[in-house]
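Okay, thanks for having me, everyone. Let me put the model up on the screen, and then we'll walk through a few spots in it.

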Amino acid sequence: MRRISRITVAGAATASLALALSACGGTSTSSGSSESKDGKGLAIAYDVGGKGDQSFNDAAYAGLEKAKTEFGYETADVEPTDGETDADKEQRLVSLAKQGYNPIVGVGYAYASAVKGAAEKFPDTTFGIVDDATVEAENVADLVFSEEQASYLAGVAAAKSTKTDVVGFVGGVDIPLIHKFRAGFEQGVKDTDPKVKVISQFLTQTAEEGGFSSPDKGKSAAEGQIEKKADVVYAAAGLSGQGVIEAAAANKVWAIGVDSDQYKQEALAKYKDSILTSAMKDVAKAVYNLAKSVEDGKPATGIVKGDLKTGEVSLSNSNPKFADDAELQKAIETAKEKIISGGIKVKSS
């Protein structure tokens with residue numbers, strides 16, 4: 001991991017900067033104590049779906065909240081806008097940097113171009129990007145995860161839980177990142193029980209078509225899979241996954257959540273008894289750790305990867321029916337140990 005010395009970024013926000021920021025998406029700021037070193041710290045710019053997706057973006061916000069509490073500084077989180085361009089995203093990050101926020105995290109691979117551009121303009125500010133490893137710069141941390149490993153365990157859980165020998169996978173967008181979720185899930189199912197059929201589909205070809213932000217699309221896809229006898233459906237689809245969970249609950253089959261522990265999400269409380277588990281990646285921890293590295297004066301840069309071994313991908317145990325199933329837990333733990341030791345090589349495509 002490459003590291004650089006921290007150079008303090010200061011400067012109060014001006015009215016013009018505030019206007020520029022609001023033009024590129026809604027912003028909320030919150031202040032901690034006045035004892036922080038610089039007054040302004042972590043800022044995050046949300047991916048499609050924004051705050052309230054009960055998944056990926058909300059996990060990033062949890063990391064921001066932890067940093068704000070611990071370091072006592074002002075934070076900011078900025079919503080995306082419909083139909084925005086890479087230039088809009090870059091403008092958003094540049095505005096945050098001008099105001100003195102440090103570090104600044106783009107939540108999602110779609111920020112790659114924007115992070116690269118903003119980082120070049122503000123070499124003394126640390127930037128992070130979640131789910132992208134293509135930005136190479138001395139002041140950028142690529143926060144990535146082995147999603148396929150948690151998805152493999154989700155496949156084990158699905159194969160052990162199905163009664164119809166049919167399970168489903170709903171991916172938000174047909175892109176390499178979501179291919180990792182599908183590949184791991186399908187491999188986990190087949191390694192556990194080769195006779196179980198996996199029905200897989202993607203909601204859209206591009207994020208702009210709403211694959212990560214359309215619960216109605218997720219619900220329709222899940223209903224179609226359930227009609228084909230799927231009794232466990234795993235969604236890697238951001239906000240669209242809420243529709244998958246709703247459909248599972250309505251049809252009394254299992255859903256497997258993603259990114260956050262969706263059994264615990266308040267907005268999904270009425271469906272929680274249908275959420276078997278969630279394939280989690282600890283975006284909150286990754287975002288918080290980046291903020292801590294900056295606060296400690298040793299900003300993390302380069303590729304920072306979380307996997308089963310580091311504990312940054314996992315399956316949730318919140319549902320008692322899942323946690324108390326000894327046979328299921330043994331199968332998952334055995335698979336986990338083999339993945340960590342290298343005995344199982346999980347495919348990512």
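Let's start with a quick one: is F185 buried or exposed? It's buried, because its relative accessibility is 0%; by buried I mean under 20% relative accessible area, exposed is over 50%, and partly exposed is in between, with a 1.4 Å probe and protein chains only.

Before I go on, some housekeeping. This is a predicted model, so local features need pLDDT of at least 70 and side-chain atom pairs count only at pLDDT 80 or more, while totals for chains, interfaces and linings use all residues. Residues are numbered from 1 along each chain as its sequence is written, and side-chain values use heavy atoms, with hydrogens and water left out.

Searching the whole structure turns up six aromatic pairs. Rings of Phe, Tyr and Trp (its six-membered ring) pair if their centres lie within 6.5 Å, and planes under 30 degrees apart are stacked, over 60 edge-to-face, the rest tilted. One of the six is F185 with Y234, a tilted pair at 5.0 Å centre to centre and 45 degrees between the planes. These two come from distant parts of the chain, 49 residues apart: F185 sits in helix α6 (residues 176-192) and Y234 in strand β9 (residues 232-236). Helices (H or I, at least four residues) and strands (E, at least two) are DSSP runs, numbered from the N terminus. Y234 is buried too, at 0% relative accessible area.

What's the strand order? It goes β8-β7-β9-β10-β11-β13, six strands in an open sheet with mixed pairing. The edges are β8 (197-204) and β13 (313-315); each has a single partner strand, so one side of each has no neighbour in the sheet. From one strand to the next, the twist averages 15 degrees, with axes as lines fitted to C-alpha atoms and angles running from 0 to 180 degrees between N-to-C directions. Strand β7 (residues 166-173) runs parallel to β8, and seven bridges join them; two strands pair if DSSP finds at least two bridges between them.

On to helices. In α5 (residues 147-161), 14 of the 15 residues are buried, so the rest of the structure largely encloses this helix. The buried residues of helix α4 (residues 112-121) include V115 and G117, and the buried set packs against α3 (86-98), β5 (127-130) and β6 (140-145).

Last, two spots that bring separate stretches of chain together. E70 is in helix α2 (residues 56-71) and is partly exposed at 43%. What does E70 touch beyond four places in sequence? That would be Y288 and K292, where contact means heavy atoms within 4.5 Å. The side chains of E70 and Y288 make a polar contact of 2.7 Å, which is a pair of N or O atoms within 3.5 Å; within protein, one must be able to donate a hydrogen and the other to accept it, and residues adjacent in sequence count only if both are side-chain atoms. E70 and K292 are 222 residues apart in sequence, yet 9.2 Å apart C-alpha to C-alpha.

The other spot is P80, in the loop between β3 (74-78) and α3. Leaving aside neighbours within four places, P80 contacts Y46, D47, V48, G50 and R92.
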